[in-house]
Amino acid sequence: FGVAYEYLLSILSSQGEAGQFRTARHIIDFIVEIVRPKKLDSVLDPACGTAGFLISAYKNILRQNRDKPLTPDEKKLLMTNLVGYDISPDMVRLSLVNMYLHGFPNPNIHEYDTLTNDERWGETFDVIVANPPFMTPKGGIRPHSRFSVKAKRSEILFVDYIIDHINPKGRAGVIVPVGIVFQNQGAYTAIRKRLIEPNTPLSLIHI
């Protein structure tokens, strides 16, 4: 059922109203393989969509432990440690069903606006994987005041958020638009400085 559901999700329209793109499965699996989440890691996707990154992380961890399968307690902890946020109620419902069908009795998915709501700001994670929506509405995002880089563009704010929510020695893989790499405006320059700071644990793939 889980495989069939993922196929149905893959043939949905390519972009949602908030700019969500359905990330191709091979790209998701590639990024997850790079960051290699471990069985005790806490894992976040701050714009989880249909939970593709979280499902991939779960499968990747199971494969890593094929020779010594997870104990029931370890598997229960893993299912709790995989966390997703999404602004869209429809995406939250889709991701909940996806995780149910992959064996998660109580998926840790939250309807939450990562950029304008700071209610969960204190939560940090060992691994963050994401392909956030980068469509900025007319007039820009109005973020809360806790971001390190002052900006109204969603791509800058998401990258800034991810940097600030990785635990020490944690790691992250995030897809970013080409502007993060090449734009010269002040906020883009500021976020690139954060990315090249010593020990910044991000692997960037620009599209």
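Is the crossing of H6 and H8 left-handed or right-handed? It is left-handed, a label used when the near helix is turned anticlockwise from the far one by less than a right angle. The model here is a predicted one, where local features need pLDDT of at least 70 and side-chain atom pairs count only at pLDDT 80 or more, while totals for chains, interfaces and linings use all residues. Residues are numbered from 1 along each chain as its sequence is written, and side-chain values use heavy atoms, with hydrogens and water left out.

Helix H6 covers residues 154–164 and helix H8 residues 186–195; helices here are DSSP runs (H or I, at least four residues) and strands likewise (E, at least two), numbered from the N terminus. The two helices pack at an angle of about 25°, with axes 10 Å apart. That makes H6 roughly parallel to H8, a term for angles under 35 degrees. The axes are lines fitted to C-alpha atoms over the stretch in contact, and angles run from 0 to 180 degrees between N-to-C directions.

On the H6 side, the residues in contact (heavy atoms within 4.5 Å) include Ile 156, Val 159 and Ile 163. Their partners in H8 include Ala 187, Tyr 188 and Ile 191.

Ile 156 also turns up in the largest nonpolar core, a set of 31 residues in which Ile 156 and Ile 180 touch the most other members. Such a core joins buried (under 20% relative accessible area, 1.4 Å probe, protein chains only) Ala, Val, Leu, Ile, Met, Phe, Trp, Tyr and Cys residues through side-chain atoms within 4.5 Å. H6 gives the most to this core, with seven residues.

Definitions and conventions
Angles under 35 degrees count as roughly parallel, over 145 as roughly antiparallel, 65 to 115 as roughly perpendicular and the rest as oblique. Buried means under 20% relative accessible area, exposed over 50%, partly exposed in between (1.4 Å probe, protein chains only).
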